[in-house]
Amino acid sequence: MIKNKINHETMNKFKIFSFILLATATVGKAQDLEQAKKAIDAEQYEKAKSMLKSLIQAKPGNGKAAFLLGNVYLKQDIQDSAKIFFQKGLTGTDGAKLNYIGLGQMDLNANNAVAAQANFALATKDIKKKDIEEYVYIAKAYMNADKPDYKSAIATLNKAKAISPSDANLQMAFGDAFYGDKNQNESYAAYRNAFNTDNTLIRSKMQLGVLLKGAKAYTLAVKAYDDVIATDPNYGPVYRELAETYYYWGNNEPKKYSEYLQKALGYYEKYMSLTDYSLTSRMRHADFLILAKDYKSLEVEANKMKELDNVNPRILRYLGYSAYENGNTELALKSLQDFIANPSNKVIARDYMYLGLIKLKKANNLETKTVDPATFEAGVSDIKKSVEMEISMTNDLSEIGKKLYEQKLFKEAAAIYEIATTNPDSKNFLLDNFYLGNSIYFSNTKKDVVKVDLVALQKADAAFGRVIEASPTTQDAYIFRARTNRLLENDEMMTKYYEEYLRVVTEKGPEEVAKNKAKFIESYNLIAANYANSDKAKAKEYFNKTLALDPTNQYALESLKTLK
């Protein structure tokens with residue numbers, strides 16, 4: 001009897017001990033998962049991958065770990081690895097259904113919205129009434145897709161809001177969605193609510209600074225980032241935001257551009273040191289160096305990436321960009337042609353822009369001052385392709401057009417300015433139109449021109465018209481429009497714009513008139529010549545205005561003789 005009692009007590013103690021071990025292991029796994037999520041949030045992707053792989057190795061059925069790992073690979077644009085872990089995660093137990101969301105995001109990346117919806121439906125099928133995690137991750141999938149869909153993300157988050165409106169992670173996701181949807185006020189409120197609910201969500205605090213950066217309130221943005229650093233000086237992403245803020249700040253204050261650019265580059269190095277120096281991080285650094293136009297550093301970074309992974313195709317992009325900017329045209333051409341030729345690579349607008357610029361450079365022989373037409377045309381074609389992919393690429397063209405214009409390669413400059421002026425929202429739109437008109441005009445007044453290009457001259461006339469419409473006091477637009485119409489043999493419009501030129505300059509006062517004496521004489525003489533056959537009195541009036549400025553002007557003197 002006593003023996004049986006002892007055995008019963010021992011058995012109970014063993015069960016309690018086993019339960020404690022199981023509970024401790026479960027808590028440990030959950031803590032490891034939370035640490036991995038913190039590493040992901042801190043953009044320490046290699047560290048997070050290592051932690052998640054260890055969790056999966058210890059428990060192959062950990063579906064949530066597989067899902068998070070797949071997401072990290074998606075962030076690093078390593079699609080194949082992401083898919084492997086999502087599919088592996090589906091066979092697990094804990095959080096297995098989350099992996100349908102990862103596969104759904106991959107469907108979105110492939111422009112297959114129907115398949116994505118089917119996967120999202122499988123992820124939310126039979127979920128518990130109080131569960132919102134699936135909705136939050138689906139919303140993130142919409143936001144993180146190659147073509148973000150913020151409105152669908154907001155609609156999904158509203159489903160979660162009906163269940164648990166004050167959840168901190170939900171508020172954080174709302175902040176991201178509203179930010180992407182350009183609703184700054186709602187975004188600010190959501191980020192603030194997220195941090196107030198859970199002050200360990202440090203990214204929500206950082207995002208308040210990001211909103212200020214977007215509003216160009218750079219001083220306040222830096223102060224907000226400093227508050228984040230005071231909370232956690234080792235939070236890497238805040239230094240990346242500081243780098244970007246100082247870069248944009250420098251662009252808005254040209255006098256401080258060099259100073260702020262150095263600060264930006266320094267903060268980006270700090271970001272790298274707090275995250276990792278993996279190939280993916282180096283690529284992100286390379287993207288920033290392109291933005292900052294630090295091509296010497298870009299070349300160094302590209303060669304370091306080559307040492308890490310000589311076969312990664314994206315390295316060719318950075319080698320191509322930096323080689324072009326640093327004067328190695330042949331290496332630049334080969335690198336980018338090899339990159340674009342690979343169908344598995346995601347080619348972006350800037351790739352075609354650089355390819356086009358490389359060809360323009362090859363076409364332009366500075367020694368002989370000649371241009372190879374076929375190579376130049378191929379370059380223009382690539383630049384057009386770049387602008388078709390992303391219209392904002394036109395902002396890069398003004399400088400290219402200007403260099404050709406200064407070389408007196410007017411026809412070639414016009415080809416570049418014509419592309420540049422396809423974007424009415426370009427920051428250089430008016431200046432590009434002016435130079436487009438001028439380039440066409442001068443290309444048709446060269447000594448070797450046998451016959452003027454009437455179609456091109458009509459484009460020049462329209463370009464000057466756009467300048468005049470937006471800036472009615474730009475006097476040179478009027479005189480060049482008059483000259484262009486003279487080449488078009490449209491005497492009526494020629495006269496009109498010469499008269500407009502005279503009016504605009506006269507309204508600016510005697511000093512401006514005095515500075516433009518030669519152009520006034522040109523205007524008077526050509527207006528008079530137009531009136532010579534239809535209104536002799538008017539013609540005499542204008543020729544006499546010429547003589548008032550230049551009593552010895554032969555054209556006016558001879559013309560007056562014929563009018564008597």
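Me: Why are H14 and H15 called roughly antiparallel to each other?
Reply: In this predicted model, the axes of helix H14 (residues 257-274) and helix H15 (residues 279-291) cross at roughly 175°. Angles run from 0 to 180 degrees between N-to-C directions, and over 145 counts as roughly antiparallel. Therefore H14 and H15 are roughly antiparallel. Their axes come within 11 Å. Helices are DSSP runs (H or I, at least four residues), numbered from the N terminus.

Me: Which residues of H14 and H15 meet?
Reply: On the H14 side they include Leu 265, Tyr 268 and Met 272. Among those of H15 are Arg 284, His 285 and Phe 288. Contact means heavy atoms within 4.5 Å. The residues of this contact divide into seven nonpolar, two polar and three charged.

Me: How do you know how far to trust the model?
Reply: By pLDDT, the predictor's confidence in each residue, from 0 to 100. The chain averages 90, and 94% of the residues score at least 70. Over residues 16-28 the pLDDT is below 50. Residues are numbered from 1 along each chain, and local features need pLDDT of at least 70, side-chain atom pairs 80 or more, while totals for chains, interfaces and linings use all residues. Side-chain values use heavy atoms, without hydrogens or water.

Me: Which helix gives the most to the lining of the second largest pocket?
Reply: H22, with six residues.

Conventions:
Helices (H or I, at least four residues) and strands (E, at least two) are DSSP runs, numbered from the N terminus. Angles under 35 degrees count as roughly parallel, over 145 as roughly antiparallel, 65 to 115 as roughly perpendicular and the rest as oblique. Ala, Val, Leu, Ile, Met, Phe, Trp, Tyr, Cys and Pro count as nonpolar, Asp, Glu, Lys and Arg as charged, and the others, Gly among them, as polar.
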